[in-house]
Structure formats: structure tokens, C-alpha cells
Amino acid sequence: MSDSELNAEVLVLGGGPGGYSAAFRAADLGKQVTLVERYPVLGGVCLNVGCIPSKALLHTALLIHEAEEFEQHGLSFGKPALDLDKIRAWKENISKTLNGGLAGLAKQRKVNVIQGVGRFSSDHTLAVETADGVKTVRFEQAIIAAGSHPARIPNFPNDDPRLMDSTDALEIRSIPKKMLIVGGGIIGLEMATVYHAYGSEISVVEWMDQIIPGCDKDLVTPLFRRIKKQYKNVWLETKVASIEANEDGLKVFFEGKEAPESELFDAVLVAVGRRPNGKLIDAEKAGVQVNEQGFIPVDKQQRTNVPHIFAIGDIVGNPMLAHKAVHEGKVAAEVAAGHKAAFDALTIPAVAYTDPEVAWMGLTENQAKEQGIEYDKATFPWAASGRSLSLGRKEGLTKILCDKESGRILGAGMVGPNAGELISEAVLALEMGADAEDIGLTVHPHPVLSETFAFAAEMITGTITDLYVKKT
């Protein structure tokens with residue numbers, strides 16, 4: 001066998017959270033693993049140009065907002081001074097620390113990491129374009145974890161640096177005076193939070209009738225009210241018809257309910273979702289089915305239509321979330337190692353790390369209505385939470401949905417500071433088949449935000465004392 005030919009029991013294509021989790025789990029189960037990653041570091045979009053760096057910037061934004069808001073409570077720090085180079089270096093150092101940790105974990109597990117762009121050349125071989133030429137990896141089994149990329153709108157001036165995607169926006173090379181966010185979903189609103197805190201005048205355009213489509217309206221309303229006051233414009237049921245690149249800015253033309261005909265912006269961030277990379281890996285040469293959108297259909301064991309090839313993460317379907325990919329990756333590795341495993345999570349939680357944060361899991365109220373499921377609902381306002389008030393915030397709420405007959409939890413959502421930290425208790429309750437009484441009888445510490453989940457459950461069982469709920 002030449003230097004350009006390698007053998008692997010399990011080949012993993014893609015080194016993001018799903019890919020490296022699959023590779024490490026397979027190695028732990030005794031498999032000889034090769035991991036192919038196109039970039040010099042592991043961690044994928046999430047660690048390098050997504051979840052992790054965006055959370056670092058969002059934390060700085062939170063500090064700026066909290067400092068401003070506490071002036072009215074007698075605590076003044078003065079106007080913040082931004083050193084973008086230092087902020088960027090700090091953000092990048094976080095990613096580098098995690099990159100180094102992953103490289104160490106790969107080494108400890110004897111996972112062979114190859115840097116290069118991998119494409120299938122047959123159902124048992126992958127051609128990898130590396131700096132040293134093309135290498136062929138012959139595999140017994142493969143796990144595709146090739147992820148996704150930001151969606152682009154074809155008729156926009158995509159080669160103009162003032163038109164950004166999320167990766168560009170995370171570079172924070174400068175702070176535009178006027179910035180348009182195209183897309184009122186999680187990614188767009190998180191970046192809007194950062195740039196607004198750093199001094200940009202923000203406008204948001206969303207073609208649906210609410211921000212964060214897919215989430216119940218009552219959960220996004222507190223966030224919507226807050227950003228309506230902070231941002232210059234939030235246009236709903238509106239879309240961008242076209243963009244003209246001018247010397248003095250990007251001229252944006254709109255179509256929709258109340259939007260202007262056109263407006264000039266210094267920068268435009270396009271955050272209209274992500275597209276799977278299924279059509280970029282020559283999957284057809286391995287006989288792997290890829291649908292029109294670029295997704296790869298899989299079964300509960302993460303198998304594609306080719307029995308010895310698995311797929312996980314963004315490339316197999318929505319939601320495109322790192323935590324979903326990790327669990328799918330472990331399932332694929334376990335099945336590849338001969339274990340009986342399947343992906344059967346009852347829910348996959350979602351979090352928008354905006355200010356306030358929005359988090360939800362399980363059945364939404366919209367879905368319950370569409371499916372004709374009878375449910376009991378309780379909504380506990382954080383204006384009645386001592387912990388929330390001590391943070392200087394009162395707009396939040398915790399909502400819980402329970403099955404009308406059994407009382408079992410069907411879904412839950414929170415909006416408010418640290419909602420993303422709180423949702424896990426609700427996920428565990430759903431996975432364990434807990435009912436409202438179980439949650440209400442679980443002693444929560446006081447005063448904490450998580451007790452709002454117990455209060456909402458007590459509203460359903462009729463045992464709440466922190467609110468007066470009139471009996472019907």
C-alpha cells in the first residue's frame with residue numbers, strides 16, 4: 001500500500017461536533033478510525049465560526065446592555081470603550097483552546113486525522129485532496145458528518161464585502177453605522193444583539209409574520225417588544241427584493257406590508273438559514289441517496305440506503321443543531337461497532353441566545369393545536385420571580401404544556417435571562433415521563449430562575465401560592 005492509500009475500519013467525513021463525537025465514540029469501542037476534516041482544526045462550524053464564538057460576543061453584548069440598564073438603579077460605569085482587536089483575539093483564543101483540546105482527545109484515542117477535502121470515489125473509498133496531493137482512504141464503514149453552509153441569495157451582490165454571512169459577521173472587522181439583518185431567525189437576531197450593543201443602528205427584515213418562526217408567539221413576544229424599542233426597524237411579512245451595490249452603501253429594495261421602497265445601509269447580514277452539504281461530497285459515487293435539497297435520508301440507526309454508510313447532523317435534516325449531531329454521531333458509531341443503538345430522543349431543545357434568551361422543547365402550542373392534542377397550559381410570569389426582579393428584569397415567562405388526561409409534560413418554553421440554561425430540566429422531565437405533580441413536588445432552591453418551571457407546574461396542579469390563580 002502506497003503513502004497515498006490508507007485503510008480505515010471506520011471513516012468519518014467531517015470534524016464538527018457530530019463528526020468528532022462519532023470518531024471518538026467509535027475509537028472508544030475498539031474501532032480503527034480515520035477522521036477527514038477540510039480545515040486545519042477540529043470543531044467544525046459550531047466551534048470555529050458558529051455557536052462558540054457567537055456566544056463569546058453575545059456575552060460582551062450582555063455586559064454592555066446590563067451596564068447601561070443598571071444606571072437607573074444607581075450603578076454607573078460610563079460609556080464602554082471597544083477594542084475590537086482585543087475582543088476578536090479573546091474570541092479566537094476560546095476557539096483555539098477548544099481546538100487544542102479536541103486535537104489532544106483525537107491523539108489519545110489514536111484517531112488518524114487527515115486534513116483535506118473528502119469526496120467519495122466508490123462505496124468503499126474516499127478521495128481526499130490534501131496539501132500533499134490526493135490520498136485515497138479505503139474504509140469498511142463510513143459516517144458522513146459533512147454539515148451545512150450559510151444559504152446565499154443568488155441575485156444579491158455576494159462578492160461585495162459589505163454583504164455578509166454569519167461567518168463574516170463574527171469577524172467584527174468594523175462596526176457599521178447602519179446595518180440590515182435579513183432574516184429574523186436565531187442566527188440573525190443573535191448577530192443583531194451583538195452589533196446593536198457595539199453601536200450599530202439595526203434594522204431587521206423577516207418575511208414571516210413573527211420573529212423566530214417555529215417558536216410559539218407568546219414566547220417570542222417579550223423579545224420582540226424589547227428589540228422594537230432598541231432597533232431602528234423590525235419589518236415583518238417583508239422581504240428583500242434586490243440589493244444595489246453603490247459607492248456610499250448597499251441600497252436595499254423591499255417588498256412587503258409596511259416596509260419602505262428602499263433604504264441605504266453600510267452593511268447587510270444575510271441570515272436566511274443554512275443548506276446541507278449533501279451534494280458536495282460525490283455521495284452518488286458511493287450509491288448514497290441525496291434528496292433535492294441536499295439532505296441524506298437515514299433510518300433510526302443513522303444508516304443511509306447503503307448499509308455500511310451512515311450520516312449524521314445537519315446533512316440528515318432539521319433541526320440543524322450541534323447537540324442533535326452529537327447524539328446522532330454516538331448512535332452511528334455504536335451501530336458501526338455492532339451495538340444495538342438507535343436515535344430516539346423524545347425532543348431536541350432549541351435556544352436563541354438573544355437578550356432575553358428564548359428556549360423551548362417538546363410540543364409547541366401551535367403543534368398541539370394542529371394535531372388536535374388536548375392539553376393544560378400554564379404560564380408563570382417572571383414579574384413574580386424574586387430572582388428575575390433582582391436581575392433588573394421582569395419581562396420573562398415560563399410556559400408548560402401537559403397532557404390533559406395524564407398530566408404528563410408535553411412541552412415547555414422559557415423567555416428571559418439564562419433561559420437556555422433552564423430548558424434542560426424540562427427536557428429531562430419529558431424524557432423521564434414526569435407529570436406536573438412530579439415537577440411541582442421537586443424542591444427547587446430559592447430564589448432561582450429555575451423555580452419558575454416548578455411554579456408553572458403548580459399552576460396546573462392548582463397548588464401554587466406564589467400567584468393567585470382564580471379557580472374556574
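How many salt bridges does the count come to in this structure? The count comes to 22 salt bridges. Keep in mind that the model is predicted. The exercises below take up some of these pairs, then move on to rings and cores.

**Exercise 1. Work out which parts of the chain Lys55 and Glu190 tie together.**

Solution. 
- Start with the atoms: the closest N and O atoms of Lys55 and Glu190 are 3.5 Å apart, and the two residues form a salt bridge.
- Next, place the residues. Lys55 belongs to helix α3 (residues 51–69) and Glu190 to helix α6, so this pair ties together parts 135 residues apart in sequence.
- Finally, look at accessibility. Lys55 has a relative accessible area of 25%, so it is partly exposed, whereas Glu190, at 7%, is buried.

**Exercise 2. Describe the salt bridge between Asp216 and Lys399, and find the network these residues belong to.**

Solution. 
- The closest N and O atoms of Asp216 and Lys399 are 2.8 Å apart.
- Asp216 sits in the loop between β10 (201–205) and α7 (217–230), and Lys399 in strand β21 (residues 397–403), so the pair ties together parts that are 183 residues apart in sequence.
- To judge burial, use the cut-off of under 20% relative accessible area. Asp216 is buried, with a value of 4%, and Lys399 is buried, with 2%.
- Now widen the view: Asp216 and Lys399 are linked with Asp218, Glu365, Lys369 and Lys377 in a network of salt bridges.

**Exercise 3. Are Asp355 and Arg393 buried or exposed, and where do they lie?**

Solution. 
- The side chains of Asp355 and Arg393 meet in a salt bridge, at 2.9 Å from N to O.
- Asp355 is found in the loop between β18 (350–352) and β19 (357–362), while Arg393 is in the loop between α10 (386–390) and β21; the pair links distant parts of the chain, 38 residues apart.
- Both Asp355 and Arg393 are buried.

**Exercise 4. Classify the ring pairs Tyr20–Phe24 and Trp235–Phe254.**

Solution. 
- The structure holds four aromatic pairs. For Tyr20 and Phe24, the ring centres are 5.7 Å apart and the planes are at 40°, so the pair is tilted.
- Tyr20 and Phe24 share helix α1 (residues 17–28), where they are four residues apart, about one turn of the helix.
- Tyr20 is buried at 19% relative accessible area, and Phe24 counts as buried at 7%.
- For Trp235 and Phe254, the centres are 4.8 Å apart and the planes at 55°, so this pair is tilted.
- Trp235 lies in strand β11 (residues 233–235) and Phe254 in strand β13 (residues 249–256), 19 residues apart, and the pair links distant parts of the chain. Trp235 and Phe254 are buried.

**Exercise 5. Find the largest nonpolar core and follow Met179 through its contacts.**

Solution. 
- The largest nonpolar core has 39 residues, and Met179, Tyr195 and Ile202 are among those with the most contacts inside it.
- Helix α6 (residues 186–197) gives the most to this core, with six residues.
- Leaving out residues up to four places away in sequence, Met179 touches residues including Met164, Tyr195, Ile202, Phe265 and Leu269.

Note on methods
Residues numbered from 1 in each chain as written. Predicted model: local features only at pLDDT ≥ 70, side-chain atom pairs only at ≥ 80, totals over all residues. Heavy atoms only, no water. Phe/Tyr/Trp six-rings, centres within 6.5 Å; stacked < 30°, edge-to-face > 60°. Helix = DSSP H or I, 4+ residues; strand = E, 2+ residues; numbered from the N terminus. Buried < 20%, exposed > 50% of the residue type's maximum accessible area, 1.4 Å probe, protein only. Core = buried A, V, L, I, M, F, W, Y, C linked by side-chain atoms within 4.5 Å. Contact = heavy atoms within 4.5 Å. Salt bridge = Lys/Arg side-chain N within 4 Å of Asp/Glu carboxyl O.
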